[in-house]
Amino acid sequence: MMKKLTWKHLSFVLMLAILVLLPFVNDSRTLIILLTQIFIFGILAMSYDILLGYTGIVSFGHAMFFGIGAYTTAVMLKQVDTTLSIFLLSIVVGMFLAGIVSFVVGLLTLRLKSHFFAMLTLAFSGLFLVVAEKWRSITYGNDGFTFRAPEMFKDRITFYFFVLACLVVVFIALYRFVQSPTGRILIAVRENEQRTKSLGFQTLHYKVIASIIAGTVASLAGSLYALSLRFVNTSVMTMDITLDALLMTIIGGVGTLAGPLLGAAVIEYAQHTLSGMARDYPIFERWIIFFGILYILAVIFFPKGIIGSIRFMIWN
């Protein structure tokens, strides 16, 4: 067991060292922006994995927490100030608001089973999307608005390191959480909720805890995403964001925090590559079709996700 843990730790440190040194070896603006997006969506996918992979909850409303973080940061930087302290405060406020919303929504929806829960979360997400579209005095509706970033984050490499630091902190925190007694109970809920109840655990309480953690981490990802674009509109609350998180988790491997990170890398790189090829090859102008084919092939050949399939092959 210690050997396995040692290899995990060495792999983590090695990958982190490569990512830290990469900007000094290759300072390509395109590469730095792509990796930053991978880190941000990796955080989002890990938050979704807490629900899907460790608790067995399928949510179609995860984008509302991502959107809460994005809008909180964007509005505060535009209407208050563009200092670093305001940006950090906006992250905290966004995570606090997302935590409250996830707590309320969790209490109202997590009593339901399977598809009933999924559809109700979709309804709540749609409600927040309508609010974002109609509250034009704050959100500017579908048009969105631009804002200035704090001075230190105008340098893309500085922002890259900040997002990487956030990713590392979130990964370690979530890893400790899923390895804790609470995390073990969530896995028990995923495997057999009725048996977990029969052992005396209030499973609703634990599912609400998972919902709050997933919502607050998704809000952090939304704040970072908004700052990376210096722009926000209602697209941050659409179903596309939730589907991206879902597919990143499935392709990478559910129930493995490293899986969603790998899934985020695969999907973001595929999107970047296929959309870039469309400029040179007309056949790729409908790149979303090829993207869909990629999803289908990944699910067929890696039904347990990439990380899960690798583990299965090693064990056998």
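Predicted model: local features only at pLDDT ≥ 70, side-chain atom pairs only at ≥ 80, totals over all residues.
The open spaces come first. The largest pocket takes up about 1700 Å³. Its lining runs to 40 residues, and those closest to the pocket centre are Lys8, Phe171, Leu257, Ala258 and Ile307. Helices do much of the supplying here: H1 (2–25), H2 (29–52), H7 (156–179), H8 (181–191), H12 (258–277) and H14 (305–315) each put at least two residues into the lining of the largest pocket. H1 gives the most, with eleven residues. Sorted by class, this lining has 29 nonpolar residues, along with five polar and six charged ones.

Next down is the second largest pocket, with a volume of about 440 Å³. Here 22 residues make up the lining, and Phe41, Tyr225, Asp244, Glu268 and Gln271 sit closest to the centre. Two or more lining residues come from each of H2, H11 (239–252), H12 and H13 (287–301). H2 and H12 therefore turn up again, having also supplied at least two residues each to the largest pocket. The class breakdown for the second largest pocket is twelve nonpolar, seven polar and three charged residues.

The model holds one cavity of 30 Å³ or more, and the volume of the largest cavity is about 90 Å³. Its lining consists of Leu51, Ile57, Ser59, Met64, Phe65, Val105, Gly106, Thr109, Leu110, Phe117, Thr121 and Ser211. Helices H3 (63–79), H4 (84–109) and H5 (114–134) are the elements that give two or more residues to this lining, and H4 has the largest share, with three. Seven of the lining residues are nonpolar and five are polar, while no charged residue takes part.

Turning to charge, the count of salt bridges comes to four. One of them joins Arg136 to Asp143, with the closest N and O atoms 3.1 Å apart. Arg136 counts as partly exposed because its relative accessibility is 44%, whereas Asp143, at 55%, counts as exposed. Glu151 and Lys154 form another salt bridge, at 3.3 Å from N to O. Glu151 has a relative accessibility of 60%, so it is classed as exposed; Lys154, at 39%, is partly exposed.

The salt bridge between Lys207 and Glu193 has an N to O distance of 3.2 Å. This pair links distant parts of the chain, with Lys207 in helix H10 (203–229) and Glu193 in helix H9 (193–198), 14 residues apart. Both Lys207 and Glu193 are buried.

Asp49 is buried but makes no salt bridge, and the nearest side chain of opposite charge, that of Arg190, is 7.3 Å away. Leaving aside residues up to four places away in sequence, Asp49 touches Tyr54, Thr249, Gly253, Val254, Gly255, Thr256, Leu257 and Pro260. Among these contacts, Leu257 is also one of the residues closest to the centre of the largest pocket.

Notes. Residues numbered from 1 in each chain as written. Heavy atoms only, no water. 1 Å grid on protein atoms, 1.4 Å probe; cavity = no way out; pocket = protein on both sides within 12 Å on 5 of 7 lines; lining within 4 Å. Points joined across faces, edges and corners; volume = space filled by probe spheres on them. Helix = DSSP H or I, 4+ residues; strand = E, 2+ residues; numbered from the N terminus. Nonpolar A, V, L, I, M, F, W, Y, C, P; charged D, E, K, R; others polar. Buried < 20%, exposed > 50% of the residue type's maximum accessible area, 1.4 Å probe, protein only. Lys, Arg positive; Asp, Glu negative; His and termini not counted. Contact = heavy atoms within 4.5 Å.
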